[in-house]
Amino acid sequence: MKIPFQSFDKINAQIKGEVLENFEAFFDAKKYVLGSQVEEFENRFASYCCTDHCIGVGNGLDAIKLSLLALNIGEGDEVIVPANTYIATVLAVSHTGAIPVFVEPNVKTYNIDPKKIEKSISKKTKAIIPVHLYGQPCEMDKIMSIAENYNLYVIEDNAQAQGATFKNKLTGSFGSINATSFYPTKNLGALGDAGAITTNDEKLMERCRSLRNYGSLHKNYNDEIGYNSRLDELQAGVLSIKLSYLNKWNQERRKIASWYKELLGGVERLILPVEINRAESVFHLFVIRMNNRDGLKKYLEKKNVQTMIHYPIPSHLQKAYKYLLYKEGRFPISEELSETSLSLPIFVGMTKNQVVYISDLIIEFMKVTKLK
Ligand SMILES: *Cc1c(COP(=O)(O)O)cnc(C)c1O
């Protein structure tokens with residue numbers, strides 16, 4: 001059996017008719033930038049997230065960057081980010097001129113550890129960016145109360161968790177302003193680059209609309225030095241179609257995760273993802289951990305099972321962040337996660353047979369390596 005890390009086959013088959021029909025309408029409408037499809041998707045996504053506003057932008061990185069800029073965060077400021085996030089979160093902070101301050105994750109949840117946030121807050125701290133990594137919500141009650149106590153903004157990075165909930169509230173609706181990505185492999189993915197910002201604040205909404213469009217809200221009037229980061233009209237049409245399937249697809253991911261947990265639960269020296277109390281993960285990724293991660297990865301590869309590592313090098317050890325002068329060993333939990341984590345295939349359309357096949361291989365590998 002050959003199993004890819006992820007596949008668009010089932011999703012694409014489900015939406016193909018609608019997408020092609022929509023393409024024809026888009027083509028004929030001849031309004032190719034910021035047309036009615038962007039506006040329609042913005043309305044739909046805001047209502048899906050239970051926020052007042054949604055601003056479509058070019059990608060997830062820009063969604064975070066423009067959110068920070070809308071809050072006037074920039075040079076001289078510090079922004080708290082998880083040390084084990086995907087680097088785009090950190091890059092967005094750097095692009096504004098602010099300094100990213102890394103905080104370790106909880107070793108069990110892989111999300112930023114609220115207990116470790118406070119001692120990283122300084123006079124310069126302006127915001128916290130919780131990242132709902134792998135689809136699992138952060139402990140938003142604790143994070144919101146720290147932010148309130150220290151008068152900080154919260155900007156959720158919801159790129160991996162569209163549709164996840166914490167205490168029945170959707171991720172991407174907690175912060176002052178929140179960012180998400182519709183990169184093709186995300187739970188809600190476009191057919192190219194796309195992203196969005198969600199907020200309940202009308203002023204922030206207007207500022208983002210301006211920032212994404214040359215700093216202009218009214219044609220020929222530029223209020224500030226803005227960017228070009230508009231959500232593509234064609235992508236917006238695709239996203240509107242896909243959004244109506246998102247809950248069903250997320251449920252499917254949860255079912256696949258539950259098969260893995262059932263089959264791999266109790267395997268010695270193997271750590272499985274845990275869901276925190278009163279939170280519902282949407283399993284963007286299914287990440288397991290063990291000591292001989294590279295050995296297992298190679299073994300699965302030999303058996304035609306494709307896996308990935310999210311992420312092999314933590315941001316503080318990347319060349320791009322050498323200037324912050326963090327040494328190896330500074331964030332031991334993040335470093336350990338990067339050495340022991342392995343993402344197993346999880347995608348809409350994955351069958352129980354495939355999950356059984358992969359799980360059996362893992363159990364076999366763990367047995368054989370124990371004997372050695
Ligand atoms: C994908 C991702 C981003 C960046 O999104 P792009 O659309 O690729 O720019 C940011 N943060 C996280 C956590 C992501 O997974």
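**Ligand shell and ring pairs**

Mentor: By class, the shell around the ligand holds six nonpolar, five polar and two charged residues, where Ala, Val, Leu, Ile, Met, Phe, Trp, Tyr, Cys and Pro count as nonpolar, Asp, Glu, Lys and Arg as charged, and the others, Gly among them, as polar. This is a predicted model, in which local features need pLDDT of at least 70 and side-chain atom pairs pLDDT 80 or more, while totals for chains, interfaces and linings use all residues. Residues are numbered from 1 along each chain as its sequence is written, and side-chain values use heavy atoms, leaving out hydrogens and water.

Trainee: Which helices each supply at least two residues of the shell around the ligand?

Mentor: Helices here are DSSP runs (H or I, at least four residues), numbered from the N terminus. Those that each give at least two shell residues are H3 (60-70) and H4 (87-95).

Trainee: How far is an oxygen atom of the ligand from an N or O atom in the side chain of Lys186?

Mentor: Lys186 is among the residues that come nearest to the ligand. A ligand oxygen atom and a side-chain N or O atom of Lys186 are separated by 2.7 Å.

Trainee: Why is the pair of Tyr260 and Phe286 stacked?

Mentor: The whole structure has 19 aromatic pairs, meaning Phe, Tyr or Trp rings (for Trp, the six-membered one) with centres within 6.5 Å; planes under 30 degrees apart count as stacked, over 60 as edge-to-face and the rest as tilted. The ring centres of Tyr260 and Phe286 are 4.7 Å apart, and the pair is stacked because the planes are at 20 degrees.

How values were computed: Near = heavy atom within 4 Å. Polar contact = N/O pair within 3.5 Å; in protein donor to acceptor, adjacent residues only side chain to side chain.
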